[in-house]
Amino acid sequence: LILMPSFTRQGAEVPVPEVVGQSEVEAERMLALEGLRLSKISEQWSPEVPRGFVMAQDPSPGNVVKRGRRISVIVSLGAQGTSVPVLDGVSSRQAQLLLQGAGLRAGRMARVYTEDVSKDLVVASDPPGETLVEQGTVVNLLVSLGPRPRSYLLPDLVGHDVSVVSRSLRDEGFAVALREGGPRQKNGRVSAQEPPPGHRVAPRDSIVLYHRP
């Protein structure tokens, strides 16, 4: 026993500890304390056993085996997973249908102005597409509002040539109406305007220019 302790221990028999329900790392540690080795033979989906934990072992706990024996275990992958569909560029309605078909749930829907993605199309998802998740996971969507609307502060146009001003405004996309009236100005000059100077306007808004022919 004094001269050859390693040979003596190698032939000893030990009871197999129960490692079901332990993490793979902890199971390996427990077996090593008894001179046994862990052998992961499979991974399986399980809604009851958390991912990375042992769900079955062979030999069963309490069996007596020789030191150095490999103990086979099956490790859980957690609840059965699914892949998040790639939703970038699809409509928000279609994205919800795709998530439903994949066993996932649509969560919050945030909206953002962007020049790159058309209005009402998905810009991104969280988790991103092709991410492996558990069924029933909530997927949040970022949806495009389209390009940010342009707006301008309307300058003071009074006194400027009405034909030049009206043409410039129409070129920018405004609806311009010309009416006679307003305070006395030189003929062909803007005498008044609606909206007034300093008002914020956007393309397709209506602007009325008063003038005296």
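Here are some notes on the predicted model above, point by point.

1. **Ground rules.** This is a predicted model, in which local features need pLDDT of at least 70 and side-chain atom pairs count only at pLDDT 80 or more, while totals for chains, interfaces and linings use all residues. Residues are numbered from 1 along each chain as its sequence is written, and side-chain values use heavy atoms, with hydrogens and water left out.

2. **Confidence.** The average pLDDT (the predictor's confidence in each residue, from 0 to 100) is 90 for the protein, and 95% of the residues score at least 70. Over residues 1-8 the pLDDT stays under 50, and the model has one contact for them beyond four places in sequence; a contact means heavy atoms within 4.5 Å. Where pLDDT is low, the predicted coordinates should not be read in detail.

3. **Two cis prolines.** Have a look at the peptide bond from Asp58 to Pro59: it is cis, with omega near 0 degrees. Pro59 sits in the loop that runs between strand 3 (54-58) and strand 4 (64-66). The bond from Glu194 to Pro195 is also cis, again with omega near 0 degrees, and Pro195 belongs to the loop between strand 13 (190-194) and strand 14 (200-201).

4. Asp120 is not a glycine, yet its phi is positive, about 70 degrees. You'll find Asp120 in the loop between strand 7 (105-112) and strand 8 (122-126). Its relative accessibility is 36%, so Asp120 counts as partly exposed; the cut-offs are under 20% relative accessible area for buried, over 50% for exposed and in between for partly exposed, with a 1.4 Å probe and protein chains only. Glu130 is another non-glycine residue with a positive phi, near 75 degrees. Glu130 lies in the loop between strand 8 and strand 9 (132-134) and, at 64% relative accessibility, counts as exposed.

5. **The aromatic pair.** The structure holds one aromatic pair, meaning Phe, Tyr or Trp rings (for Trp, the six-membered ring) with centres within 6.5 Å; planes under 30 degrees apart count as stacked, over 60 as edge-to-face and the rest as tilted. Its members are Tyr152 and Phe174, arranged edge-to-face at 6.0 Å centre to centre with 65 degrees between the planes. The pair links distant parts of the chain, 22 residues apart: Tyr152 is in strand 11 (residues 152-153), and Phe174 is in the loop between helix 4 (162-171) and strand 12 (175-180). Phe174 is buried, with a relative accessible area of 8%, whereas Tyr152 is partly exposed at 30%.

6. **Ser46.** This serine lies in the loop between strand 2 (37-44) and strand 3. Buried or exposed, at 5% relative accessibility? Ser46 counts as buried. The Ser46 side chain reaches the backbone nitrogen of Glu48 at 3.3 Å, which falls under polar contacts: N or O atoms within 3.5 Å, where within protein one must be able to donate a hydrogen and the other to accept it, and residues adjacent in sequence count only if both atoms are side-chain atoms. Leaving aside residues up to four places away in sequence, Ser46 touches Met55, Ser76, Gly78 and Ala79.

7. **Arg170.** Arg170 is part of helix 4 and counts as partly exposed at 42% relative accessibility. Its side chain reaches the backbone oxygen of Val176 at 3.1 Å. With residues up to four places away in sequence not counted, Arg170 touches Val176 and Leu178.

8. **Strand 15 and its neighbours.** Strand 15 (residues 206-211) is mostly covered, with five of its six residues buried. Strand 15 pairs with strand 12 in the parallel sense over six bridges; two strands pair if DSSP finds at least two bridges between them. Here Arg179 stands opposite Tyr210 of strand 15. With strand 13 the pairing is antiparallel, over four bridges, and the bridge partner of Glu194 in strand 15 is Val208.

How values were computed
Helices (H or I, at least four residues) and strands (E, at least two) are DSSP runs, numbered from the N terminus.
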